[in-house]
Amino acid sequence: MAYTHKQRVQYFDTDKMQVTHHANYIRFYETARTEYLRSEGLAYSDMEKGDFQIPVLGVEAKFMTPSVYDELIAIDCRIDKLGPASFEMEYVIRNAETDEVHVKGRSRHGFTDANLRPIPLKKKNPELYDFFLKLYEKDKK
């Protein structure tokens, strides 16, 4: 995968059994995606200042094994598809020490203006589109 973000499962991420609540894996996706873009030079806040958004259009998760309180997890992510007005990310969440896979999933995002109207990013902001294209091509390798 193109980028790996590591973090500990916090107590508030878990249920009564100290197993990560299923909804929190989606938050883990977002954290990894945000940090991946930041590591490549694009903070979400900078994109929003330019009147662009990348809202979530869909999300998938295949739960394989549970992660638990205080476990160090690795969230691997990459851009898997890139279109003129959307892109898809792929994720693998695993134990950072044993590589046991907990979740595999995807998220789909649209490129929109500040009013959440879809936009053809390549036409409206070629520089930002080229940023995503560079990541997509790097992630394919």
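Guide: One term to begin with: rings of Phe, Tyr and Trp pair if their centres lie within 6.5 Å. Also, this is a predicted model.

Visitor: OK, how many aromatic pairs are found in the whole structure?
Guide: A search of the whole structure gives nine aromatic pairs. One of them is tyrosine 29 with tyrosine 91, and that pair is stacked. The centres are 4.1 Å apart, with 5 degrees between the planes.

Visitor: Which parts does the pair of tyrosine 29 and tyrosine 91 tie together?
Guide: Tyrosine 29 is in helix H1 and tyrosine 91 is in strand S5, so the pair links parts 62 residues apart in sequence.

Visitor: Is tyrosine 29 buried or exposed?
Guide: Buried means under 20% relative accessible area. Tyrosine 29 has 1%, so it counts as buried. Tyrosine 91 is buried too, at 0%.

Visitor: And what kind of pair do phenylalanine 131 and phenylalanine 132 form?
Guide: Edge-to-face, with 5.5 Å centre to centre and 90 degrees between the planes.

Visitor: New topic. How many residues does the largest nonpolar core have?
Guide: It has 32 residues. Those with the most contacts inside it include Met47, Leu121 and Phe132. Among the elements giving two or more residues to this core are helix H1, S4 and helix H4.

Visitor: Last one: which way do the side chains of strand S1 point?
Guide: They alternate. Tyr3, His5 and Gln7 point to one face and are buried. S1 runs antiparallel to strand S4, joined by six bridges.

Definitions and conventions: Residues numbered from 1 in each chain as written. Predicted model: local features only at pLDDT ≥ 70, side-chain atom pairs only at ≥ 80, totals over all residues. Heavy atoms only, no water. Buried < 20%, exposed > 50% of the residue type's maximum accessible area, 1.4 Å probe, protein only. Helix = DSSP H or I, 4+ residues; strand = E, 2+ residues; numbered from the N terminus. Pairing = 2+ DSSP bridges. Core = buried A, V, L, I, M, F, W, Y, C linked by side-chain atoms within 4.5 Å. Phe/Tyr/Trp six-rings, centres within 6.5 Å; stacked < 30°, edge-to-face > 60°.
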